[in-house]
Amino acid sequence: RSERDPCVLGYLLGRCRCDRTAITFSTTRVLSSLRSSKIIMYQIAIVLCLVAASTQDITSGGVSLEECDPEMLGFELITGYVFTAPDDLLDSVPGTLMLTDCLEACQSNDSCHAVNYETGLCVLFASNADTFPGALSKSQFPVFTIYAQKSCLGVKPCERAWCFDRVQGYRLSGYDKKHQTTGARQDCLELCLGEREFTCRSANYNNATGDCELSDMDRLTVAGSGAFDAAAGFDYLENNCVEEP
């Protein structure tokens, strides 16, 4: 019954995008209420959802990282956070003294989706924090730990080592010049990268609504104004591809 299980049964009708969380929730809630004749259909739906979820895991912006044009690959950095996914660990490279060397190692590895970097250590992963958001947590050594995520962008990025710095739970208020609703955080940062009417220095992304606010200001240009402040549910995206004024 679709009203009892909107995700899994809705998937069969092409009305719902499933993920592992929804599958788990639906399974525990609905399976006992189905007649035996419905259980087989339900199990088939679960398999289809798992296949769909697995496909989503290895894609970025609709294109798999393995198939992405190298010129369209870009990184976003989160300072002070660490990603934990031991089953998806690809390689651990001690003696990596520069962040740029760590990012280059990931960029040249088609299976690499993200890295943790601490001074002298680069760890490559085959998954990322968008796939497993619960695996990203604050580091005990925030000044020395950086998480970087690789994406296949729809707008050609600059040639710098990374495109954006992301600050979770923060927002630059009062300086937005353009507003648009998007389907994902990557869409928002691509809007900033591709903006031509003004120099987009930063963007605020509302994870709940998809609202994307573009600005010609950033943390540096408004330093001391109090405009950069904590905001639950927001991601502050700072464009590293522009020159500071």
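User: Which residues does Asn 239 touch, not counting those up to four places away in sequence?

Analyst: Quick note first: this is a predicted model, where local features need pLDDT of at least 70, side-chain atom pairs count only at pLDDT 80 or more, and totals for chains, interfaces and linings use all residues. Residues are numbered from 1 along each chain as its sequence is written, and side-chain values use heavy atoms, with hydrogens and water left out. Asn 239 sits in strand E14 (residues 228–239), strands being DSSP runs of E of at least two residues and helices runs of H or I of at least four, numbered from the N terminus. Taking contact as heavy atoms within 4.5 Å, Asn 239 touches Cys 163, Phe 164, Cys 192, Leu 193, Cys 200, Arg 201 and Ser 202.

User: Is Asn 239 buried or exposed?

Analyst: The cut-offs are under 20% relative accessible area for buried and over 50% for exposed, with partly exposed in between (1.4 Å probe, protein chains only). Asn 239 has a relative accessible area of 6%, so the call is buried.

User: What separation do the C-alpha atoms of Asn 239 and Leu 189 have?

Analyst: Along the chain, these two are 50 residues apart.

User: Which residues line the largest cavity?

Analyst: A cavity here is a set of points on a 1 Å grid over the protein atoms alone where a 1.4 Å probe fits but cannot get out, and lining residues have an atom within 4 Å of a point. Volume is the space filled by probe spheres set on the points, which are joined across faces, edges and corners. The search of the whole structure turns up one cavity of 30 Å³ or more, and the largest holds about 40 Å³. Its lining is Gly 74, Phe 75, Glu 76, Gln 149, Ser 151, Leu 153, Cys 163, Phe 164 and Leu 189.

User: Which element gives the most to that lining of the largest cavity?

Analyst: Two elements give two or more residues each to the lining of the largest cavity, strand E3 (73–79) and strand E9 (145–152). With three residues, the top contributor is E3.

User: Why are the buried residues of helix H4 on the same side?

Analyst: The buried residues of H4 (residues 99–107) are Leu 99, Cys 102, Leu 103 and Cys 106. The arc is taken from the directions from the helix axis to the C-beta atoms. They share a side of H4 because they cover an arc of only 95 degrees.

How values were computed
1 Å grid on protein atoms, 1.4 Å probe; cavity = no way out; pocket = protein on both sides within 12 Å on 5 of 7 lines; lining within 4 Å.
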